[in-house]
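Q: I'd like to learn how to read the core and the chain contact of a protein model. Could you walk me through it?

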Amino acid sequence: MTNTLSFGRAFRLTLLSLGALIFLAPYIFMISTAGKAQSEIFTSSLSLIPTQFFYLENFAKAFGRVSMGQLLWNGVVVCGLIFIFQVVIAIPCAYAMAKLKFGAARLLMALVMLGLLVPIHATSLPLYVAFDSAALLNSYTALVAPFSISVFAIFLFLQFFRAMPDDLIHAARLDGMSELGIVMRVIVPNAWPAITAFAIFSVVAHWNDLYWPLIVVSNQAYATPPLGLLFFRAAEAGDDYGALMAATLIITLPLVAAFLLAQKRFVEGITMTGLKG
Amino acid sequence: MSALSITNVTKSFGDNHILKGISLEAEAGEFIALVGPSGCGKSTLLRIVAGLEGADSGEIVAGGRDLTRLVAAERNVAMVFQSYALYPHLTASQNIAVPLAMRNLTSMQRLPMIGSLLPGQKAIRKDIMRQVTDMARSLKIDHLLDRKPGQMSGGQRQRVALARAMVRQPGLFLMDEPLSNLDANLRVHARGEIVDLHRRAGVPTLYVTHDQAEALSMADRVAVMMSGSLLQLAAPEVIYDDPAHIEVAKFVGQPRINTIASRVDADGAVTLGTWRLQPHDTLAPGSDITVAIRSEFLSIADMGTPGLPAHIERLEFLGSEVIVYTKLDAIGESMVVKLAPSDARGLVAGKPVTIVPQGERLMVFGADGARLRADLTFTTLLERAHG
């Protein structure tokens, strides 16, 4: 009994470790390359550990040639604004659709589903033209506005709010709360698992997004981190892969650090443990 | 003037008529239990009174105020929910304080940070905390005030929910099966507590339950509802002893009342198996009726005594009483007899016996289920119908 169990356990662990290794391999290789000298990168032999540690030089180059701080700051501003707008708009919307009875509820639901089906790539051209004629290209507005209403967020919160007991909202109404008060005082404090889960999706997606910034931003001052990398590669680094990998490492670091710090909450959010008691 | 009057309230969802014109009045400080099987509309009626659902037509007046068109928050009504509906993210004391904070503080004063800078806010908060502590002490939950609902047992949550509802002295108190999530022991104990609380607060109360024993034991008056209609509203003793409708008689009382379907003979008498019974008043010959009698008004005698011959099928010993399940020989109907244990000595399954009803306890219901005041009496028992 114990034997088979420990065998199964070992098997599972091996399989998981192998999977983790495959997924981590590019990242590990990136870390390795960021520490190599130009000459070592282009040798035919492949070693994981750099023969000479060039980290300092590569990081210095990465920081020196583009304003890394500006890139990261843009990333934080854009992702932060997008996330805040999405939550502020989606939560009252999802609450109304989940818990209030009104005539157009079914129609709205159909529109949300429709919105889920249309990707940003389909609407990017008209949006670009619109931002262009509004003279809003190269601005935070152009980066943030198209994503401020997230049907995905509405859908996610809708499912979560539906599971909240009606009695809780009835009790709040009898206690004298307005509908907005219910959202602020009852729904939001109990929706943290859903909000965290959505935060992961939203921040990761928009931090890593290259497509939309590439369309509306040509000025480096408004570049988000992935776009900044592109500028860096094209204009400055050329084929200096060591410095490029160092820059990549820098812009992926905030997400990795955030995940490691809040790992427990993130996993909780994804599994959506829901409301207890 | 009555403290609460509900006039002709109707509600339907599509073709489904949930409430078919309910009217009832409650006196000041009265405790009324709304009882009925699930789906009878009692909870819907309670929600309409609370303002959580709108009625299709009808009027609700409480304390001289017309509530019909007011939203829930303006009705000054408190409610205890079956699930308690405590705010999971707040501690017990914060839960109890919510209705007070919503009423006594302005929306500016309730804001975090900014609110605490406004004048007068501190004094009000202090007063709220005093009321919360007083309320908690009177419900013996003052040691739980710092716990969140997830850290409390069902009974403790139920008390916190009661405290939250009572703390602001509402004009009307509504309870939606507040005891049904408690275990049996606690439930009986909590019944007494709620009645006690109600006496002290003196607020008119509507109490919804599907448990007839709960309704009879707690309420000043019991309203029995069936499929959207109010069948009878009366004191518990009247509901039990003098039901106005066969469904009321069947719903109330444990074990269930014995019923025998029968038809009035051409001469106006009623044949019950081998026995013919004479009604006080005349019944229309040929009409279908149901004769009913409660199990405790039947007794069991030896074979040969005048009465209804039957066989014992099963006995249930319940300590203070014995429930005897029998089958009448003549018509095969089941009869349940409740006896004191001393009277049940010597009874075994399969034994042929005679069932003797107390004649004045027989009740007659018409084909539509309404009570016919022509109750049969056993004292006018005629001879055996056959031989």
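Predicted model: local features only at pLDDT ≥ 70, side-chain atom pairs only at ≥ 80, totals over all residues.

Q: Which residues touch the most other members of the largest nonpolar core?

A: In soluble globular proteins, nonpolar side chains tend to be buried together. Here the largest nonpolar core holds 164 residues, and A:Phe157, B:Leu34 and B:Leu174 touch the most other members. Helix α4 (residues 68–99) of chain A contributes the largest share of this core, 12 residues.

Q: Why does this core lie between domain 1 and domain 2 of chain B?

A: Both domain 1 (4–243) and domain 2 (255–380) of chain B give residues to the core, so it lies between them. The C-alpha centres of these two domains are 41 Å apart.

Q: What is B:Leu34 in contact with, leaving aside its neighbours within four places in sequence?

A: Its partners include B:Lys42, B:Leu45 and B:Leu46. Further along the chain, B:Leu34 is in contact with B:Leu206, B:Tyr207 and B:Val208, and also with B:Ala223 and B:Met225.

Q: Now the contact of chains A and B: how many residues does each chain bring?

A: Chain A brings 16 residues and chain B brings 20 residues. On the chain A side, α9 (166–174) and α10 (179–190) each supply at least two residues. The helix that gives the most to that side is α9(A), with six residues.

Q: How do the residues on that side of chain A divide into nonpolar, polar and charged?

A: Eight are nonpolar, four are polar and four are charged.

Terms used: Residues numbered from 1 in each chain as written. Chains lettered and ligands numbered in written order. Contact = placed C-beta atoms within 7 Å. Helix = DSSP H or I, 4+ residues; strand = E, 2+ residues; numbered from the N terminus. Nonpolar A, V, L, I, M, F, W, Y, C, P; charged D, E, K, R; others polar. Core = buried A, V, L, I, M, F, W, Y, C linked by C-beta atoms within 7 Å. Buried ≥ 20, exposed ≤ 12 C-beta atoms within 10 Å, placed from the backbone. Domains from an automatic or database assignment.
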